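Here is a short report on one structure.

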Amino acid sequence: MSHSSPPAAEPVEFTHRQILTILGGLMMGMFLAALDQTIMATATRTIADDLHGFDLQAWATTAFLITSTISTPLYGKLSDIYGRRPFFLFAIGIFVIGSFLCGLSENMWQLAAFRAIQGIGAGGLMSLALAIIGDIVPPRERAKYQGFFLAVFGTASVLGPILGGFFAGADKILWVDGWRWVFYLNVPIGLLAMAVVAKVLHLPHHRVDHRIDWPGALTLILCLVPILTVAEQGRDWGWDSTRSIACFVIGAIGLVGFILAERAYKDEALLPLRLFGNRTIAVGATSSTILGMAMFGGLMTVPLYLQIVKGSTATMAGLQMIPLVMGIMTGSIVSGQLISRTGRYRIFPIIGSSLMVVALFLFSTIGADTPLWRVMLIMALMGLGLGGNMQPMITAVQNAVSPREIGVATGAVTFFRSMGGTLGTAVFLSVLFNVLPGNIADAYRQAATDPAFQQAAADPEQQALLAQAQNSGALSDTSFITKLSDVVAHPFKVGFSDSVHLVYLIAFSIMLLGLIVVFFLPEIALAKGSAQQQRAAAAKQAEKDTGASGPAPADPEGVKAGSDG
């Protein structure tokens, strides 16, 4: 009888208040990861100058990206086996240690190494927070709570550039270089997050003994490190250089090794290949990669446009991105509430992807003279699309797998989005910097026939700056634009706008493909219970079966993970 089951198998129900308390700890952890990405955007240049490594600054980003991307699926798998709480605390702890060390950096290579340590922590902050919510909240309610996470992202996206600009602009704060506080700020927030999580996050966990897929982890590193490195550095090295080709070859060998390792480890693999036979997971992973490419690749050009074409400071550009953030928050909260009420989620990624397609097309029409309010309206539309896309997709994926595979499934989706973002950024920046010099030169040739331009450009000081503007190296330092007169600067802005058009047209084409993929997402009834309750019920059922007919099947829920329910 059910009441004779041991307490270990009892389903655990969390009250709304308990969920909000746990959510507080998770949100602080996610805030660390989100703030770190946005605060660095405005501070990197100052940090690089101070450490005399402007030409090496990309390595600080690359190191962080590599370790955070690779560690994401590892956290998912290990937390499925050993429980979420220790790994979430470990992730925060490593992130805090990495942040403290970053603040002590004396040169760019040290900063890159310490950013890599920070990345190991960041990889777990995001995916584990989403997996923990999957554990304690039923799918139908989940999107409501996940909306809070996007609110954290939104706040971090606005606060990050402002704080980054403030710290980078201050020579000394409490006798320490201003920019070092970009990293030191994480230490008190991280310690507070650890204290909250340690106090409130008590999830019952029934350990399942598994082999750990170390060959999969090592081959994944062998595949991703060269691919992510060439994605970040290929523009400087040359895509067909010996170094780039060597990276492609090593990456391909790693990929083949990874697939072989995953096949050998079957269900115990880091990313079980069987999961991708599940249509929801296959669509989720593919659309997340495409979404990552379109989102990061498209969005990294918006702050550049605001700073170069509209003349905004880094801090101002951060504030001008608020419509995008508000759009993301609105889209995620509205879709979360509607999923909770209707129990249907498939329509939201379709609407979200459609809005993103429209927004990216509209972005491709903005020019040097487009009024700022129109650009902001397009940003809000893009935000609504992103908000309606990201959370419902995670809800769909978590709902489609066995409760004990929520960690690995969430990790997979986050991993593919991160990979898409890295590749998108690399591809779009390459396109941008390849077409830019030609477009700027064309714009100046056309302007040369205008009498107003001829008169303004006749000034010797303007001529010296003009020579700099038409040099392809001008993009490493664009501060000279502010010294040009409006008439002389205008062709440079036109050339930049024309180049951005191409980036957005490519992002638009990629997102169209993403929209087609999302149509293949099946609609599965959302489970009523949380993953904890489902696992407890399955354990209880297995116990009953054992009592009634000998040993229980090895995986009472495994059938669900391999199909679409």
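Is arginine 274 buried, partly exposed or exposed? Arginine 274 counts as partly exposed, at 28% relative accessibility. The classes are defined by relative accessible area: buried is under 20%, exposed is over 50%, and partly exposed lies in between (1.4 Å probe, protein chains only).

This is a predicted model, where local features need pLDDT of at least 70, side-chain atom pairs count only at pLDDT 80 or more, and totals for chains, interfaces and linings use all residues. Residues are numbered from 1 along each chain as its sequence is written, and side-chain values use heavy atoms, with hydrogens and water left out.

**Salt bridges**

Side chains of opposite charge can pair when their charged atoms come close. A salt bridge here is a side-chain nitrogen of Lys or Arg within 4 Å of a carboxyl oxygen of Asp or Glu. The whole structure holds nine salt bridges.

| Pair | Closest N to O |
|---|---|
| Arginine 274 and aspartate 267 | 2.7 Å |
| Aspartate 442 and arginine 445 | 2.3 Å |

Aspartate 267 is partly exposed, at 39%. Glutamate 523 is partly exposed too, at 31%. Its pairing with arginine 344 links distant parts of the chain, 179 residues apart. Arginine 344 sits in the loop between H13 and helix H14 (347–363), and glutamate 523 in the loop between H19 and helix H20 (531–549). Aspartate 442 and arginine 445 share helix H16 (residues 406–447) and lie three residues apart, about one turn of the helix. Aspartate 442 is partly exposed at 36%, whereas arginine 445 is exposed at 56%. Elsewhere, a network of salt bridges links Asp80, Arg84 and Asp135.

**Helix H13**

Helices are DSSP runs (H or I, at least four residues), numbered from the N terminus. H13 spans residues 322–342, 21 residues in total. From first C-alpha to last, H13 reaches 30 Å, close to the 30 Å expected at 1.5 Å a residue; that expected span is 1.5 Å times one less than the number of residues. Its buried residues include Leu324, Gly327, Ile328 and Ser335. Just after H13, glycine 343 takes a positive phi of about 75 degrees.

**Nonpolar cores**

A nonpolar core is a set of buried Ala, Val, Leu, Ile, Met, Phe, Trp, Tyr and Cys residues joined through side-chain atoms within 4.5 Å. The largest has 69 residues. Val302, Leu360, Phe363, Met379, Met382 and Leu386 touch the most other members. Helix H19 (residues 486–518) gives the most to this core, with 14 residues. A second, separate core of 53 residues includes Phe31, Leu89, Ile394 and Val397.

How values were computed:
Helix = DSSP H or I, 4+ residues; strand = E, 2+ residues; numbered from the N terminus.
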